[in-house]
Amino acid sequence: ATQEKAWAAGAPSTGKPAVTPESVINLDHGDPTMFEEFWRGTGAAAEIVIPGWQTMSYFSDVGNVCWFLEPGLDHEVRRLHRLVGNAAVDGYHVLVGTGSTQLFMAALYALSPPAAAPMSVVSTAPYYSSYPAVTDFLQSGLFRWAGDAGSFTGDTYIELVCSPNNPDGAIREAVLSSESGVAVHDLAYYWPQYTAITRRADHDIMLFTVSKSTGHAGTRIGWALVKDRDVAKKMTKFIELNTIGVSKDSQLRAAKVLRAVSDAYELSGAGEEHRRLFDYGRRKMAERWSMLREAAAASGIFSLPDETSGYCNFTEDMASTNPAFAWLRCDREDVEDCASFLRGHKILTRSGSQFGADPRYVRVSMLDRDDAYDIFVKRLTSLK
Ligand code: PMP
């Protein structure tokens, strides 16, 4: 009843309900609520006010290939990539999407010309579970899911390269090469809180999202950096036909949030380190990973990918990888389905089978709120 009153007064929802030590802990989705704590501390720097008469037009910049892209978002996207050094932006078109999920679909559309047979869409297993699901849900005649890139034999294809990879955090490169094959690089996790920034990526199509960079998944804003003008035009066409553009309100909010991130590095003084997103994120993720490794060791029945590290050009020091998901293997002989084993202990995860891999593996989100994460680690420690 209190909750309903709050909604009636215009208060927003908070997403998942609060947890208690007896709760079912849902770490199936990569819901990035961990970052709420950071953004509670940034005050007006990440706030926007939109008067009733603003953002009413469909159009943002009619001279741009992506005519519904807010120029302020374009500016902040380029500025942040220049600051972090994770992707090249000069000579690229910036396209905005309703999450990078919409841009992924736009890329499939743009890269699959009408032909006798649908274009094959592949990715190395274990691959992000949405790739097959999103590729095939409308049963397009233009493209279709063709599974693990490692066992693909044709030479016309779209290869999805996710690096660091969802679900296992691996740093990846395209495994296929041919004249008529193309790659789409999904760099959702190529940010300093998750991995060392070792090079300025300069692939033909690169996808990013605020969902994983800043944690604003509910804002539903992603962007693509696209080299080729015709591909950029076709991707824009897809979004025009699909949703006639992308919420300007969300774009303005995303722009303000990205601006707060860059400002904290470029403008803030000493003593303001707590306002630096990537410092916060890296510290938090490193803490969580060390808790998890201890829990897996204490339990004795789980294994995790080995920790790797590299020199980070952004922070100018060695950094270990802290993936946004744990790719957890249950080593107990009698457990063939790790997800149902954990479900029996009220921990919800996503089965390896959904990523084209062994069901002894599960993917566990590392980005939930502290209370849920702490209960998860405690429960894991006690499993034998
Ligand atoms: N790519 C990868 C690899 C992801 O993990 C996710 C989110 N789980 C997305 C894309 C989609 O993100 P968005 O919220 O921007 O649609």
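By class, the shell around the ligand consists of four nonpolar, eight polar and one charged residues; here Ala, Val, Leu, Ile, Met, Phe, Trp, Tyr, Cys and Pro count as nonpolar, Asp, Glu, Lys and Arg as charged, and the others, Gly among them, as polar. Of the 13 residues around the ligand, Gly-99, Ser-100, Thr-101, Thr-209 and Ser-211 come nearest, a residue being near a molecule if its C-beta atom, placed from the backbone, lies within 6 Å of it. The element that gives the most to this shell is α4, with three residues. The model is a predicted one, in which local features need pLDDT of at least 70 and side-chain atom pairs count only at pLDDT 80 or more, whereas totals for chains, interfaces and linings use all residues. Residues are numbered from 1 along each chain as its sequence is written.

The chain as a whole contains 11 helices and 15 strands; helices (H or I, at least four residues) and strands (E, at least two) are DSSP runs, numbered from the N terminus. The radius of gyration of the chain is 21 Å, close to the 21 Å that the globule rule gives for 384 residues, so the chain is as compact as a globular protein of that length. That radius is taken over C-alpha atoms, and the globule rule is 2.2 Å times the number of residues to the power 0.38. Along the principal axes, the C-alpha atoms fill a box of roughly 60 × 55 × 50 Å. Of the 384 residues, 44% count as buried, a label that requires 20 or more other C-beta atoms within 10 Å of a residue's own; a residue is exposed with 12 or fewer and partly exposed in between, with C-beta atoms placed from the backbone. Among contacts between residues at least 6 apart in sequence, 71% join residues at least 24 apart, where two residues are in contact if their C-beta atoms, placed from the backbone, lie within 7 Å.

Helix α7 (residues 229-243) has 15 residues and spans 21 Å between its first and last C-alpha, close to the 21 Å expected. Its buried residues are Val-231, Ala-232, Met-235, Thr-236 and Ile-239. Seen down the axis of α7, these residues fall within an arc of 135°, so they line one face of the helix; the arc is that of the directions from the helix axis to the C-beta atoms. The face turned away from the buried side carries the exposed residues Arg-229, Asp-230 and Leu-241. Just after α7, Ile-244 takes a positive phi of about 45°.

Strands β2 and β8 also pack against the buried residues of α3, as does α8 (248-266). Helix α3 (residues 71-84) has 14 residues and reaches 20 Å from its first C-alpha to its last, close to the 20 Å expected. Its buried residues include Leu-73, Val-77, Leu-80 and Val-84, together with Asp-74, Glu-76 and His-81. Gly-85 follows α3 and has a positive phi, near 75°.

Several loops show particular backbone geometry. The peptide bond from Ala-125 to Pro-126 is cis, with omega near -5°, and Pro-126 lies in the loop between β3 (119-123) and α5 (130-136). Another cis peptide bond joins Ser-163 and Pro-164, with omega about -10°; Pro-164 lies in the loop between β5 (157-162) and β6 (181-186).

Glu-316 has a positive phi of about 55° although it is not a glycine. This residue is found in the loop between β10 (309-312) and β11 (317-320), and with 8 C-beta neighbours inside 10 Å it counts as exposed. For Lys-346, phi is near 60°, a positive value in a residue other than glycine. Lys-346 lies in the loop between α10 (338-343) and β13 (347-348) and is partly exposed, with 14 other C-beta atoms within 10 Å.

Conventions: The expected span of a helix is 1.5 Å times one less than its number of residues.
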